[in-house]
Amino acid sequence: MLGPALLAASRSPRVRTLVSTSPVSRRLVDRFVAGEAPTDALAAVRALTERGLSVTIDHLGEDTTERSQAEATRDAYTALLAKLSAEGLAAGAEVSLKLSALGQALPHEGGRLALDNARAICAAADGAGTTVTLDMEDHTTVDSTLSILAALRGDFPWVGAVVQSALFRTEADVRDLAHPGSRVRLVKGAYREPRTVAHARKPEVDAAYRRCLAVLFAEGAYPMVASHDQTMIDEANRLAAQHGRSTDDYELQMLYGIRTAEQDRQVAEGRRVRVYLPYGQDWYGYFMRRLAERPANVGFFLRGLVAR
Ligand code: FDA
């Protein structure tokens, strides 16, 4: 029952202040977030790639309501991409973007602004020799995100999509996106959604995930299988073998700090594994979603607060 409460808290400014000022939450944040500065992200990329992992970097931030903030996020990404290139790290590290951090929710001009900002980041990624994937946020943003994706793919066909098996609409979206060459990251979904648009129970989300996986592997897309669930990881590897896919034809993805032994095990077995690496000062919403996903994380967090 704590999960929905934490997801609600992830949007609460009051709880945000409480969590941000607790030294204890800082320690737990460090488990999931690489640090606040670009140099922290680059050091983490170096350490992960030395372990044979690939990386996708998220400059933390979401729900921007000011144009200047959206442009600052764009500039943070382009500067990061320049550094990745200069330090020879771009081959193993791409970036993930939240369109809400690039201005998507601004009234009137939001979609246009997010598209322009994302386009500038894609051009920088192209110059650095790497790729971009668009994160998916709550269900109200899906149409806008998919239309921005389509516009970006006109110039940069390698831009990756994210789809969430929790949403009813996703199986149809996956069929549209599953063509050869299309990079599609399949996740279960981290947002609290109304029952009118999303599966309410975990077994339904899991069953939808399996159906989407089957379509992605069968139709020739490049599946990015983003899950820590062993059943889904095993199913992806089984589908890859069934469809004669080499280890270059799909990848497994996990979040920084979660199931690191499994990340290493899959690499040791010769598979491509990409770690989603968040960094930046605006870690709160991301952190609360990670707490909400797992009761053990919440227990650890609450014990720390009591001991404070
Ligand atoms: P599930 O929740 O069933 O967990 C399976 C097992 O994994 C658990 O039993 C536990 O062992 C471990 N585990 C999972 N979460 C954990 C945690 N927080 N702490 C410790 N252990 C944990 N969502 C979204 O809505 N939009 C997006 O753009 C993205 N992007 C994204 C990228 C990548 C690379 C990943 C891996 C995930 C996302 N997500 C996301 C998050 C995703 O939707 C989902 O919330 C989490 O991945 C948890 O779901 P699992 O598939 O891991 O399965």
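Here is a short walk through this predicted model, from its sheet to its ligand.

Let's start with the sheet. Eight strands, the 8 that run in the order β3-β2-β1-β8-β7-β6-β5-β4, make up an open sheet with parallel pairing. At its edges stand β3 (132-134) and β4, and each has a single partner strand, so one side of each is left without a neighbour in the sheet. On average, neighbouring strands are turned by 30° against each other, direction ignored. For a look at one pairing, take β7 and β8 (residues 273-279), which run parallel and are joined over 4 bridges. Within this pair, Leu255 has Tyr276 of β8 as its bridge partner.

Now follow β7 to the ligand. At least two residues each come from β4 (161-164), β5 (183-187), β7 (251-255) and α12 (284-293). In total, 25 residues surround the ligand, and the closest are Gly189, Lys202, Ser227, His228 and Glu293.

Some individual contacts are worth a visit. A polar side-chain atom of Lys188 sits 2.8 Å from an oxygen atom of the ligand, and a polar backbone atom of Gly189 is 2.7 Å from a ligand oxygen atom. Arg290 places a backbone N or O atom 3.1 Å from a nitrogen atom of the ligand. Taken on its own, the ligand has 940 Å² of accessible area, and the protein covers 87% of it.

Definitions and conventions. Residues are numbered from 1 along each chain as its sequence is written. This is a predicted model: local features need pLDDT of at least 70, side-chain atom pairs count only at pLDDT 80 or more; totals for chains, interfaces and linings use all residues. Side-chain values use heavy atoms; hydrogens and water are left out. A residue is near a molecule or strand if one of its heavy atoms lies within 4 Å of it. A polar contact is a pair of N or O atoms within 3.5 Å; within protein, one must be able to donate a hydrogen and the other to accept it, and residues adjacent in sequence count only if both atoms are side-chain atoms. Accessible areas come from the Shrake-Rupley method with a 1.4 Å probe; for residues, only the protein chains shown count as cover. Two strands pair if DSSP finds at least two bridges between them. Axes are lines fitted to C-alpha atoms, for helices over the stretch in contact, and angles run from 0 to 180 degrees between N-to-C directions.
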